Amino acid sequence: MKEIQQMSVDPLAVRVERTLRRGPAETISVARRKVDTAIKSRAQRTWTKIALGMVRLGPSQNIANAEYFAVLDGHTLNLQVRLPVLEDADPTSAEIVFSKDRAEHQAPATLKKMYDGYWYADTIAVFGPVPGRIPLDPGTWTVGLRVELSSGESRNITIRRMNAGPVRGATPTVAVPPCADTGMRFRPTITSFGLAQLIVRGPQVRAEVARLMLDLGKAEILGRFVNVPDGSDAVAEFSRREDTTVHETPVHVDGDIFRIRVPLAEMAPVPGEKDIWDIRIRVGGRRLRVGRYLHDLKDIRATLRTYERRMLMPGGVVFHLRPYYTPAGSLALTCTGANPGDTV
């Protein structure tokens, strides 16, 4: 019977029990050794991966350093690379090559020799599924350089950036905003061993606010559809947060531009009470929140501050209307009933 009990003892449990009996100092020492072993093993694997990646880059004459690598205004690439020393030849033309799987796109680059003796290639390229732009589909694209030399040789050069980019300070804008035309996002990045890449996120379907028009007795929302093929069946829904009340109103559509007349008469609150209304558009089998999403602001609610207006409705009904944007960018309307005796 004793032999059966000894065979059922867990060796790990025995080691833990012995460690704990030796006191807190021994316990901490054992834990530290285990953690150090795990960290060193992971660090070795990481640096091995980086070293292998650097070896795969090839000789230094096939590596160009990215001096500036950024996507501005959501879809415009700005890239400057310093070419390696090219022995016994000068570059005559260059192009930036974007490759993913078997797909490839090119953008022309401008060559110039700077005061430091190096050749530089500058590129400005616009992305998007529009004629005249580079149509990168979603995924990860490798960014490289192809150079034609005066010797007649064509050379493919890897673009690398080992030094970190400039640190952004406290600014009201994000580093990589979405494209205002399509909602796509083109994020420049580098791999663990410095290779330049672009991570592309697909288009978004949006009902984007362009302008709010408030008058004494009316309010209108002017906006545009993004990636909505047909907005002819669009209907606007104004839903009150406090309950299930929903008011529907037609949406006037002209191409991708829409206009909504806010049903203020139906939204007038009880005097002294406050109602908050959210706005959606039902179109093409979707329900889209109306708002401002395709922008570069970190805090839209703090930056785009809207003003409050008093509204005078038929019958002498007076209330306060204040539009605002939620942190996610959705438009909401706050209606506060005026107390008896208030005037416009």
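The structure is a predicted model, in which local features need pLDDT of at least 70 and side-chain atom pairs count only at pLDDT 80 or more, while totals for chains, interfaces and linings use all residues. Residues are numbered from 1 along each chain as its sequence is written, and side-chain values use heavy atoms, with hydrogens and water left out.

His247 belongs to strand β13, residues 246-254; strands (E, at least two residues) are DSSP runs numbered from the N terminus. When neighbours within four places in sequence are left aside, the residues in contact with His247 are Ala236, Glu237, Phe238, Pro263, Glu266, Met267 and Trp277, contact meaning heavy atoms within 4.5 Å.

Aromatic rings were examined next. A pair of aromatic rings is described by the distance of the centres and the angle of the planes. Rings of Phe, Tyr and Trp (its six-membered ring) pair if their centres lie within 6.5 Å; planes under 30 degrees apart count as stacked, over 60 as edge-to-face and the rest as tilted. Three aromatic pairs are present in the structure. Phe98 and Phe127 form an edge-to-face pair, with 5.6 Å centre to centre and 85° between the planes. This pair links distant parts of the chain, since Phe98 lies in strand β3 and Phe127 in the loop between β5 (119-126) and β6 (139-149), 29 residues apart. Phe98 is buried at a relative accessible area of 0%, and Phe127 is likewise buried at 0%, where buried means under 20% relative accessible area, exposed over 50%, and partly exposed in between (1.4 Å probe, protein chains only). The rings of Phe127 and Phe186 have centres 5.0 Å apart and planes at 35°, so this pair is tilted. Because Phe127 lies in the loop between β5 and β6 and Phe186 in strand β8 (residues 185-190), the pair ties together parts that are 59 residues apart in sequence. Phe186 is buried, at 1% relative accessibility. Through these ring pairs, Phe98, Phe127 and Phe186 are linked into a cluster.

Charges were also found over rings, the criterion being NZ of Lys or CZ of Arg within 6 Å of the ring centre and within 35 degrees of the ring normal. The charged end of Arg82 sits over the ring of Tyr118 at 4.6 Å from its centre, and that of Arg206 over the ring of Tyr293 at 4.3 Å from its centre.

Two non-glycine residues with positive phi lie in loops. Asp101 has a phi of about 55° and is located between β3 (91-100) and β4 (103-113); with 76% relative accessibility, Asp101 is exposed. Asn227 has a phi of about 60° and is located between β11 (219-226) and β12 (235-240); with a relative accessible area of 39%, Asn227 is partly exposed.

With a disulfide defined as a pair of cysteine sulfur atoms within 2.5 Å, the count is zero. Cys179 is buried, with a relative accessible area of 0%, and Cys335 is buried at 0%.

Conventions. Helix = DSSP H or I, 4+ residues; strand = E, 2+ residues; numbered from the N terminus.
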